[in-house]
Every structure is written in structure tokens, then in C-alpha cells.
Amino acid sequence: MPELPEVETVTQALKEVGLNWTITKIDFFRKDLRESIPIEEFKKILLNCSIIEIKRRSKYILIFSHKGCGIFHLGMSGSFLSRKDAETKVPHTHLIMRLSKRGSRSRFLHFVDPRRFGRIGAVVLNNYENHPFLRNLGPEPLELPRLGDYLYEKSRKSSRAIKTFLMDAKNIVGLGNIYVCESLYQARISPFRAAGQVSRKEFQLLGNAIKKTLRKAIKQGGTTLKDFKNTEGNPGYFKVSLKVYGRTGLACENCKDSITLAKQSGRSSWFCSFCQK
């Protein structure tokens, strides 16, 4: 599933494509994805309106007009593709928006989601933080100046594994399996340790590792493993920088021991059993 860097990469690309353009046509090709799509409300908010802002909140992309915003979640395989027309649809295209600007040729945004785990919502005016998709989300990791201290205070008395704790969007948003595995490896913390047993100093190291990993991934365009592509249909490139994720049996770059794969809360966890304690 796309995580914070992938969604941020798409958000920044959408800004280049759509900011200050007017959405002059919206075509939906199905009524639902993971759940029903509020098609009429979506059109009332965005159709024939200028896009005044595009931003990311957690793993959601928000497209604003003066009437409110459309909300998108990419799910496991969703993507936006920027095209010159509406006819060159790829399979599993569920939404096409035509963007227009005086003196420029129209451009088209295609929302594609083969597995249909994505979400599309709409919210009137600036009340988006109270939308059901967003209202229970924790803070953004890159916006907290003392991320490690925040996580330390949040985790006290928690018996949950540190990996599970970090992947809970109520605690901190945007972190999925890839970047949690990578950050824990950098901080030398086992994914199985109880969050409440991790010291403040260790959390400070972890907070720095999370920020460093996320910023590097954003700079390199996100991670491509199976489905992620940017708005031009091109893959991200952070995969070449992964230290543990997906590297079962390969040598740890620090100690040369083998990277271990284990199941944890139904998810795969990659770690070095020698370095991470």
C-alpha cells in the first residue's frame, strides 16, 4: 500500500498538473470502490471550480476548491495519470477530470485503481478534518519538531509491539510496513519490543530515523514494489535504498549477518536479529 512518501510524491505532481486550473468535466465510471462514492456531492464541490490547493493529509490527497475538497485514498494500487485526452483510458479507470485554463490546451486526470481498495470522498468548505476518513488521524511525522519525544510520551504503558504502535495512524500517520521496517533498522530497535519498554533516547534516535527515511524516500520519488506509479505512470526509485525490507537472507550492511523475515500481526517484518535489540 502506498505510504506517506508515495502519496506526497503524487500530491506534489498533482500540484504541478492541476493547481489553478478549472475542473470543467467529471466522469465517473463506477459508483463505488471500497465503499460508495458521493458522486453528486463531489461534483457540487469541484465541477466548474478552480483548484485552489492540493495537499496531503496522512495517506489521503485533498483537492480543494472554494466550495470544499475532494478526498482520495490510493488504496493498494490506486494512481493518478495525467493525460492529454479522455479517450486513452487504461483498464480500471474509475474517474476522469478535465482541467481547463484560458490560453492552454485541456489536460485530463485519470484515477485508476485495479484492486478497488481506494476511497473517494467529498467535504463542504473547510471542515475536512472532521470528515470520517480524517477525524481520528494522529499528527504528521515530518511536522513534529520533537518526534521522538512525542512518540515516547504517547507509548508509555503500551504493551503493543513498537512496529504495531508505529503503524497505528491514531498515533502517527503515514507509516506503513516499508518505512517502519527501515526506520527501526536504522534505530537498531527490534520490531517485537513493547513500545512502552523503548527508552526516550531510543525513541529520539527512532524519530530521527523516521524523518530521515521519509525525506530520502520523498526525494527519490517513493518506493516501487508492485503497483506504485507517479502521475506520469513512472515508478518510484527508493527501492534501491532499502536496507532490510524485502531482503530476506541477504547480508545486513552493518554486521553482515542475514536479514530475517518473520510474521508479525499478520504482516511481514524484516530485521537484523543481531543489530536490532
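Visitor: Which backbone nitrogen lies 3.0 Å from a polar atom of the side chain of serine 77?

Guide: The backbone nitrogen of arginine 115. Keep in mind that this is a predicted model.

Visitor: What makes the pairing of serine 77 with the side chain of aspartate 113 a polar contact?

Guide: The two side chains come to 2.9 Å from each other.

Visitor: Where does serine 77 lie, and why is serine 77 called buried?

Guide: Serine 77 is in the loop that links strand S5 (68-73) and strand S6 (79-83). Its relative accessible area is 5%.

Visitor: How do you know whether isoleucine 23 is buried or exposed?

Guide: We use that cut-off again. Isoleucine 23, in strand S1 (residues 22-28), has a relative accessible area of 0%. Buried means under 20%, so isoleucine 23 is buried.

Visitor: Which residues does isoleucine 23 touch, not counting those up to four places away in sequence?

Guide: They are Leu46, Leu47, Asn48, Cys49, Ile51, Met97, Arg98 and Leu99. Take Cys49 as an example: 26 residues separate it from isoleucine 23 along the chain, yet their C-alpha atoms are 5.8 Å apart.

Visitor: What covers the buried residues of helix H3?

Guide: The cover includes helix H4 (162-166) and helix H6 (200-219). In H3 itself (residues 147-155), the buried residues are Leu147, Gly148, Asp149, Leu151, Tyr152 and Ser155. Just after H3, lysine 157 has a positive phi of about 70°.

Visitor: Let us step back to the whole chain. How do you know that its radius of gyration agrees with that of a compact globule?

Guide: For 277 residues, a compact globule would have a radius of gyration near 19 Å, and the chain has 20 Å, so the two agree. Along the principal axes, the C-alpha atoms fill a box of roughly 60 × 35 × 30 Å.

Visitor: How many helices and strands are there, and what percentage of the residues count as buried?

Guide: The chain has 6 helices and 11 strands, and 53% of its 277 residues count as buried.

Visitor: How many positive and negative side chains does the chain have?

Guide: There are 49 positive and 25 negative ones, with the centres of the two sets 2 Å apart.

How values were computed: Residues are numbered from 1 along each chain as its sequence is written. This is a predicted model: local features need pLDDT of at least 70, side-chain atom pairs count only at pLDDT 80 or more; totals for chains, interfaces and linings use all residues. Side-chain values use heavy atoms; hydrogens and water are left out. Helices (H or I, at least four residues) and strands (E, at least two) are DSSP runs, numbered from the N terminus. The radius of gyration is taken over C-alpha atoms; the globule rule is 2.2 Å times the number of residues to the power 0.38. Buried means under 20% relative accessible area, exposed over 50%, partly exposed in between (1.4 Å probe, protein chains only). Lys and Arg count as positive and Asp and Glu as negative; His and the chain ends are not counted. The place of a charge is taken as NZ of Lys, CZ of Arg, CG of Asp or CD of Glu. A polar contact is a pair of N or O atoms within 3.5 Å; within protein, one must be able to donate a hydrogen and the other to accept it, and residues adjacent in sequence count only if both atoms are side-chain atoms. Contact means heavy atoms within 4.5 Å.
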